[in-house]
Amino acid sequence: LSKRCPCGFTADGRPVALQLVGRPRGEAALLAHAARLERLLGVADRVPMDPRSPEGRRPRSIGGPDMP
């Protein structure tokens, strides 16, 4: 089993992902680790472009100048 996890965004707003691979019959553990990683990185609720924004505003990038 494998799971793709969003990790952040490039400077121009493109998504970056990490693929996690679990043990056979290890779905629960793999999904729990993936959810925790998404929460720790703060990307669980973010999308590459905000479809609700008329300007198509992109989220801040990881490692960019606007990072706290």
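1. Start with Cys 5. At 0% relative accessibility, this residue counts as buried. The model is a predicted one, and the values in this note are computed from it. Cys 5 also turns up among the contacts of Glu 38, a residue taken up under point 6.

2. Next, the cysteines as a group. How many disulfides does the structure hold? The count is 0. Cys 5 is in no disulfide, and the nearest cysteine sulfur, 6.6 Å away, belongs to Cys 7.

3. Overall layout. The protein chain has 1 helix and 2 strands. Along the sequence the order is β-β-α. There are 68 residues in the protein chain, and 22% of them count as buried. The chain exposes about 5300 Å², with carbon and sulfur atoms supplying 56% of that area. Among contacts with a separation of 6 or more, 40% come from residues 24 or more positions apart.

4. The strand pair. Strand S1 covers residues 2–9 and strand S2 covers residues 15–21. In which sense do they pair? The pairing is antiparallel, over 7 bridges. Arg 4 stands opposite Gln 19 in S2. Gly 8 stands opposite Val 16 in S2. The hairpin of S1 and S2 has 5 residues between the strands. Within that hairpin, Gly 13 takes a positive phi near 90 degrees. When viewing the pair, keep in mind that side chains in a regular strand alternate between the two faces of the sheet.

5. Helix geometry. Helix H1 runs over residues 27–41, which makes 15 residues. At 1.5 Å a residue, H1 should span 21 Å, and its end C-alpha atoms are 21 Å apart, so the two values agree. Just after H1, Gly 42 takes a positive phi of about 70 degrees.

6. Which residues of H1 are buried? They are Leu 30, Ala 34 and Glu 38. They cover an arc of only 70 degrees around the axis, which puts them on the same side of H1. The cover over these buried residues includes S1 and S2. The face turned away from the buried side carries exposed residues: Ala 28, His 33, Arg 36, Arg 39 and Leu 40. Glu 38 deserves a look of its own. Glu 38 is found in helix H1 and is buried, with a relative accessible area of 15%. The cut-off for buried is under 20%, so Glu 38 at 15% falls inside it. Leaving out residues up to four places away in sequence, Glu 38 touches Lys 3, Cys 5, Pro 6, Val 43 and Ala 44.

7. Is Arg 25 buried or exposed? Arg 25 is exposed, with a relative accessible area of 76%. Gly 26, at 16% relative accessibility, counts as buried. Most residues other than glycine have a negative phi. Arg 25 has a positive phi of about 60 degrees although it is not a glycine.

8. Two C-alpha separations across the chain. Gly 26 and Ser 2 are 24 residues apart along the chain, and their C-alpha atoms are separated by 9.9 Å. Pro 15 and Arg 46 are 31 residues apart along the chain, with their C-alpha atoms separated by 9.8 Å. Pro 15 lies in strand S2. Pro 15 is exposed, with a relative accessible area of 54%.

Definitions and conventions
Residues are numbered from 1 along each chain as its sequence is written. This is a predicted model: local features need pLDDT of at least 70, side-chain atom pairs count only at pLDDT 80 or more; totals for chains, interfaces and linings use all residues. Side-chain values use heavy atoms; hydrogens and water are left out. A disulfide is a pair of cysteine sulfur atoms within 2.5 Å. Buried means under 20% relative accessible area, exposed over 50%, partly exposed in between (1.4 Å probe, protein chains only). Helices (H or I, at least four residues) and strands (E, at least two) are DSSP runs, numbered from the N terminus. Contact means heavy atoms within 4.5 Å. Accessible areas come from the Shrake-Rupley method with a 1.4 Å probe; for residues, only the protein chains shown count as cover. Two strands pair if DSSP finds at least two bridges between them. The expected span of a helix is 1.5 Å times one less than its number of residues. The arc is that of the directions from the helix axis to the C-beta atoms.
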